[in-house]
Amino acid sequence: MMVYRKALKSVKHEKRHTKLDITNTLVLLVLLTLSCIMVYSASMIGNKYGIFTSSVPVETTYFLKRQAIWAVLSFVTFIFISVAIPFEVFRDKNILQYGFFAMVILLVIPFASSSINGARSWIRLGALSFQPSTLAQLFIIIYMAFILETRKDKLRKVCTSNELINIFWIPLFLIAIIFFQNDTGMMLITLSVVGIMTLCSNMHFKNIKRLLTLAVMAIVIVVALLFVKSAFSSGSSYRTNRIKVFLNPFSEDLSAAADQVINSYIAFGNGGLFGRGLGNSIQKLGYLPEAHTDFILAIIAEELGLVGVLFVIGLLTALICRVIIAGTKSRNTFAAMYCIGFASLLVVQSVVNIGGVTASIPMTGVPLPFVSNGGSSMFILSIGLGIATNVLAHVKYIRGNK
């Protein structure tokens, strides 16, 4: 409580509410608006026939209404955190301890539910669904920033493997739970973000080398096992089929599993440079599964063309650049490392989604940040962006008082 009061005084003294970053705010608003438009366009016809709702017909605005509610809630939360919640609050040790126990409970609950697309990573509450690993990602970034600030003096010296494990065991433990949920894509993304934060820290090079060696070994082993399993297994598990589709999407044995990739190719080809026009996608008419979620970029490509795709990528790039600027300009180690971590999450998640849609890498079921249908992911990323924007307000105060 004392930490919050002290941080709140800093916010009032610095008048952070007057330094809300206009670029982040406008870009986020455009992305959320575009998300609602494209989710509606991608799902409005399919909803009549229950294409996205297990053959149960629903109203054309079914997904639009839900996405719009989450978009408004996400934007309001972003504004509130940006101007009213000091980023210093998130480095409080007590809050992080309670947060860790909460993350463990939330990540364990999905093990009692049925798997979705091969992974047990969702919590369902009636019509609502929530993937706790997305919240765990944000918590891991915050906790890594806390570690890299509070243990920086120790990490500047050469540490033994046991000392490094004792320092980083909480993020590694949470990543391990995500892996055992059978959500390999989410695990690899989170591990990549942790690796980038480690590389950008000021810890001793030998410590970085030791940590990255362990991380690379873990990633290589996991990826190798998946490829070996997909190459020699005759099974038809969801994860195995994703690898096989990546290796040969036009295989006759994978006609159903490869529908997403093949029809995504067709969508990009149909779109050309300027697209067929908003609402005129053909692939969303039951040909492209998950058109409004993981493969929404393919619908954007077909309706708005390459220009539309580059526009979305440009908006995401603008957000990422602003977050990186906040990190590099901040004099606070926690704030700097947090911004680097959150920017890394946006970069890696965007690259993985775009790579999956274009079959450049195996599909992982990762949404396009702030665009794909999915309220919980949009909401959590908006919280993360709000923290980074609060850091940027602090940076503006420092630069204004030089």
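User: Counting Ala, Val, Leu, Ile, Met, Phe, Trp, Tyr, Cys and Pro as nonpolar, Asp, Glu, Lys and Arg as charged, and the others, Gly among them, as polar, what lines the second largest pocket?

Analyst: There are 19 nonpolar, three polar and one charged residues in that lining. This is a predicted model, with local features needing pLDDT of at least 70, side-chain atom pairs 80 or more, and lining totals using all residues. Numbering starts from 1 along each chain, and side-chain values use heavy atoms, without hydrogens or water.

User: Which residues lie nearest the pocket's centre?

Analyst: L172, L191, L214, A215 and A218, out of 23 lining residues. (A pocket is an open set of 1 Å grid points where a 1.4 Å probe fits, with protein on both sides within 12 Å along at least five of seven lines; lining means an atom within 4 Å of a point.) Two or more residues each come from α7 (161-180), α8 (184-200) and α9 (205-232), and α7 gives the most, with ten. Helices are DSSP H or I runs of at least four residues.

User: Switching to aromatics: how are F100 and F101 arranged?

Analyst: Their ring centres are 5.6 Å apart and their planes at 55°, so the pair is tilted. (Pairs have centres within 6.5 Å; under 30 degrees is stacked, over 60 edge-to-face, the rest tilted.) Together with W169 and F173, F100 and F101 form one aromatic cluster.

User: Is F101 buried or exposed?

Analyst: Exposed, at 53% relative accessibility, while F100 is buried at 9%. The cut-offs are under 20% for buried and over 50% for exposed, with a 1.4 Å probe and protein chains only.

User: And what does the F139 and Y143 pair look like?

Analyst: That one is tilted too, 5.9 Å centre to centre with 35° between the planes. F139 and Y143 sit four residues apart in helix α5, so about one helical turn separates them. F139 is buried at 9%, and Y143 is buried at 14%.

How values were computed: Ala, Val, Leu, Ile, Met, Phe, Trp, Tyr, Cys and Pro count as nonpolar, Asp, Glu, Lys and Arg as charged, and the others, Gly among them, as polar. Rings of Phe, Tyr and Trp (its six-membered ring) pair if their centres lie within 6.5 Å; planes under 30 degrees apart count as stacked, over 60 as edge-to-face and the rest as tilted.
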